[in-house]
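Let's learn to read a protein structure together, one feature at a time. Have the picture open as we talk.

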Amino acid sequence: MDAEASGASPSIPFHNITDQPLSLITPLQQSLQRCQRLGFGNVHPGEFPLATKPSIVLHVLTSCDMDPEDLAHLEATCKFFRQPANFLPDFELSISELAALDMCQKRAVFKPMTIEDREMFKQRCGGSWKLVLRYLLAGETCCRREKSQAIAGPGHSIAVTASGAVYTFGANSSGQLGHGNQEEEWRPRIIKSLEGIRIIQAAAGSGCTMLISDAGRVYALGKDSFGEAEFGAQGSKVISKPQLVESLKGIYVVQAAIGNFFTAVLSREGKVYTFSWGNDAKLGHQTEPNDVEPHLLRGALENTLVVQIAAGYCYLLALACEPSGMSVYSVGCGLGGKLGHGSRTDERYPRLIEQFQALNLQPMVVAAGAWHAAVVGRDGRVCTWGWGRYGCLGHGNEDCESVPKVVEALSKVKAVYVATGDYTTFVLSEEGDVYSFGCGESASLGHARNIDGQVCHIFP
């Protein structure tokens, strides 16, 4: 019930909880107890009137990293949390909105924004700092932004530390490892030329690497193109040290995805840009195959916030943050049913995959393999679709699935992340266990023997 109905200041009663070891008390409980003990004024002993110390309440909400939905629920149930708080930087903002803004300001991609940029970003997200926070958190969940990462490419691998250092190893015929040569590396080696630059995202393709800094700059190395070398002269030159992509200087990039014949990048504002493979409007625009200028992906995503992109063989998936919830769009080549629309036809413009609504599943992470795709839902369910060769879809057969289908073999597992290869799929559970299925050739699934098509637990 709204506390304003009683005519008194809303308060949090203190129940004289006996001291307990801190390990048994949640951070929220600890913070609330500290606030309650600071109560004063004409109130009953042990009560804390929220209206007398809103700054402490703001500190509690911010320090506990409350979810945007919880902040919205507080506003909906109590007047104190939705009335103007009279605090800088905007006296008209409520406590809940200020808490959301404070949490946004902790994010590396948000800090550099000017006041004008922040306001424009806020309006693009729906006019609320809670919605901005929701968008930023969604991106962190699916992309591991600002956390340590490991990326396995077709021939080389990349490791990004939480501090932003980059290590690479594996094949290096195009200089894609970034060490100034074309010699293979058998062990992870740090890219020394990136000293002083914090990398928060990386992408690995065939003979190429893309790195994203916390300043939104993109560095490329390996083949001197954004597509594949099949275009004749394209890709004939190699770049063996990270080189700034000049054409992207005007775009604050937070993620890159390298597919066959094209590359896509995602801006901080949730817009998708692509390079190459745009002839015949295959990706929503017409360009030459060797075009190195970014082009905005036209169609349904122009005015939709995208939080993650994933690229496979001639197709692109986009995880979008919409008012109704999270959704997935696909565009490109539809062979094998990998676009998820119930057919194998190509899509020139991004199209919503409607099956997730029928499954009542909120997508949170998306992955694109060469010919198949996967999604992890908010409830931990895993869906796969596309070409099922070697059992890479996890459905116990090698059939193609042209719409997303829940992997029943993982029904007792709450997944939090998924990754896909050419014909392999790996799923990470909430408990830290790893499950794999698909092609087991060369022990690529992490099992002692080849067991194509079976969903197996491999770690820990």
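Predicted model: local features only at pLDDT ≥ 70, side-chain atom pairs only at ≥ 80, totals over all residues.

Q: How many helices and strands does the protein have?
A: Both are DSSP runs numbered from the N terminus: helices are H or I with at least four residues, strands are E with at least two. Here we find 7 helices and 26 strands.

Q: How do I read a sheet, and what is the order of the open sheet of 4 strands?
A: Start from pairing: two strands pair if DSSP finds at least two bridges between them. In this open sheet the order is 7-8-9-10, and the pairing is antiparallel. Strand 7 joins strand 8 (residues 208–213) through 6 bridges in the antiparallel sense. For one of the bridges, look at Gly205, whose partner in strand 8 is Cys208.

Q: How much of the protein is buried?
A: We compare relative accessible area: buried means under 20%, exposed over 50%, and partly exposed in between (1.4 Å probe, protein chains only). Of the 460 residues in the protein, 52% are buried.

Q: Which residues of helix 4 are buried?
A: They are Ile95, Ser96, Glu97, Leu98, Ala99, Ala100, Leu101, Met103 and Cys104. That is 9 of the 10 residues of helix 4 (residues 95–104), so this helix is largely enclosed by the rest of the structure. Contact means heavy atoms within 4.5 Å. The cover over the buried residues of helix 4 includes helix 2 (54–63), helix 3 (68–77), helix 5 (115–125) and helix 6.

Q: What is a nonpolar core, and which residues touch the most other members of the largest one?
A: A nonpolar core is a set of buried Ala, Val, Leu, Ile, Met, Phe, Trp, Tyr and Cys residues joined through side-chain atoms within 4.5 Å. The largest has 82 residues, and Phe110, Ile309 and Leu316 touch the most other members. Helix 6 (residues 129–143) gives this core its largest share, 8 residues. Beyond its neighbours within four places in sequence, Ile309 has contacts that include Ala257, Leu266, Val272 and Leu316.

Q: How do I read an aromatic pair, such as Trp387 and Tyr423?
A: Rings of Phe, Tyr and Trp (its six-membered ring) pair if their centres lie within 6.5 Å; planes under 30 degrees apart count as stacked, over 60 as edge-to-face and the rest as tilted. The count comes to 8 aromatic pairs. Trp387 and Tyr423 form an edge-to-face pair, 5.9 Å centre to centre with 80° between the planes. Trp387 is in the loop between strand 21 (382–386) and strand 22 (401–406), while Tyr423 is in the loop between strand 23 (415–420) and strand 24 (424–429), 36 residues apart.

Q: Is Tyr423 buried or exposed?
A: Tyr423 counts as buried, at 18% relative accessibility, and Trp387 is partly exposed at 30%.

Q: Which residues do ring pairs link into a cluster?
A: The cluster holds Tyr313, Trp371, Trp387, Tyr390 and Tyr423.

Key
Residues numbered from 1 in each chain as written. Heavy atoms only, no water.
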